[in-house]
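Welcome! Take a moment to look over the chain shown here, and then we will walk through it together.

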Amino acid sequence: MPFYRPEIIVIDEEDRRGYLSKLMPEVKDEYDEVGDAIYKLEYHGGVRCGSEEFEALLQDKSKDFTFAFVNIGEDLQNINTALALKAFCRKDSRNSGYKIQAVVRDASACSLWDEVLIRDIQITGMDCDVYSHDFITMSDIDSLSREIHEVRQEDNLRKAEAKAKEKGEPCKASKTPWEKYCNNEYDRHSVFARTLSFRYKVRYLVETGKDLSETKKTEPWLIYEHMRWDMYTRTLGYTCAKGELKEKLDELNSKIAKEHDPKVKDGLKEQRRQLRVSAMVHEDLVVYDDLTDGIKSYDGLTLTEGIRDAFEKSVIID
């Protein structure tokens with residue numbers, strides 16, 4: 001989100017910052033560059049649960065955190081840690097503005113606890129929970145993502161038709177069916193992440209009475225959407241393409257942009273996809289200003305009244 005700087009704090013009994021770096025090579029401890037990424041990752045490794053250092057960290061971080069997820073190990077450890085964090089909040093007169101989740105597999109671990117103690121702590125991950133098919137398949141997110149996909153396809157087709165008309169040529173472009181798009185797991189998860197991020201943008205626009213076209217403006221919406229995608233892709237382990245790999249990807253992108261035959265274009269896109277996935281690289285993991293105009297515009301999202309209404313009715317708007 002524009003003007004938002006997330007701070008993530010990890011407290012780990014083992015010292016595994018190097019392991020995280022191996023999984024996500026381009027996720028640093030801190031980064032502040034508009035157009036690329038803005039965040040802080042504070043890692044505390046080798047801190048034993050219940051130790052003096054652990055308690056001090058809980059007390060210090062309780063002053064301004066907004067969300068805490070407790071998953072240390074045993075059920076009682078998790079619930080006790082969540083209770084300790086809540087107690088520190090209460091001592092600082094913090095009664096709202098945050099959420100605490102604790103993983104508890106066996107419901108009996110807290111069934112006889114004082115209700116006042118565990119109030120405001122959300123218990124999750126219990127073996128006895130039965131989740132609905134809609135929840136597991138994320139049907140709300142899927143339907144919204146599909147609707148957004150259709151809008152984007154319509155936009156791209158209109159642009160292609162206008163470009164072909166300008167050149168006096170027949171338009172060979174066509175819309176990519178949602179089913180075909182979903183067969184690519186990276187695209188599927190990426191579009192789900194974009195849908196989730198846009199729920200906050202939609203809420204902001206609705207609450208402030210701004211026009212839906214705000215998100216098509218370069219400042220700051222397109223820039224921050226690229227930044228969100230940057231970090232999403234880096235957390236998957238992707239790094240910026242360099243050297244010969246970047247040259248090969250740039251060459252493929254150039255051919256894709258010039259190709260008019262849909263079948264040939266699809267073949268080139270598949271070559272590009274395989275190269276990106278096999279090497280875990282992406283050529284667009286750069287500052288927004290370094291992107292081509294075509295990629296910059298791709299970060300825009302046309303918010304129709306229907307999409308806005310779908311967001312407002314969906315449970316994921318909360």
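Accessible areas come from the Shrake-Rupley method with a 1.4 Å probe, and for residues only the protein chains shown count as cover. By that method, the chain has an accessible surface of about 18900 Å², and 51% of this surface belongs to carbon and sulfur atoms.

Before going on, please keep in mind that this is a predicted model, in which local features need pLDDT of at least 70, side-chain atom pairs count only at pLDDT 80 or more, and totals for chains, interfaces and linings use all residues. Residues are numbered from 1 along each chain as its sequence is written, and side-chain values use heavy atoms, with hydrogens and water left out.

**The whole chain**

There are 14 helices and 8 strands in the chain; these are DSSP runs numbered from the N terminus (helices: H or I, at least four residues; strands: E, at least two). Along the principal axes, the C-alpha atoms fill a box of roughly 75 × 45 × 35 Å. Of the 318 residues, 40% count as buried, a word that stands for under 20% relative accessible area, while exposed is over 50% and partly exposed is in between (1.4 Å probe, protein chains only).

**A hairpin**

Strand β2 (residues 30–33) pairs with strand β3 (residues 37–45) in the antiparallel sense, over 4 bridges. Two strands pair if DSSP finds at least two bridges between them. Which residue of β3 is the bridge partner of E33? That partner is A37. The hairpin has 3 residues between its strands, and G35 takes a positive phi near 100°.

**Aromatic pairs**

How many aromatic pairs does the structure hold? The count is 5. Rings of Phe, Tyr and Trp (its six-membered ring) pair if their centres lie within 6.5 Å; planes under 30 degrees apart count as stacked, over 60 as edge-to-face and the rest as tilted.

Y186 lies in helix α9 (residues 185–208) and Y232 in helix α10 (residues 218–235), so their pair ties together parts that are 46 residues apart in sequence. Ring pairs also link Y186, Y232 and Y238 into a cluster.

Are these tyrosines buried or partly exposed? Y31 is partly exposed, because its relative accessibility is 26%, whereas Y39 is buried at 8%. Y232 counts as buried too, with 17% relative accessibility.
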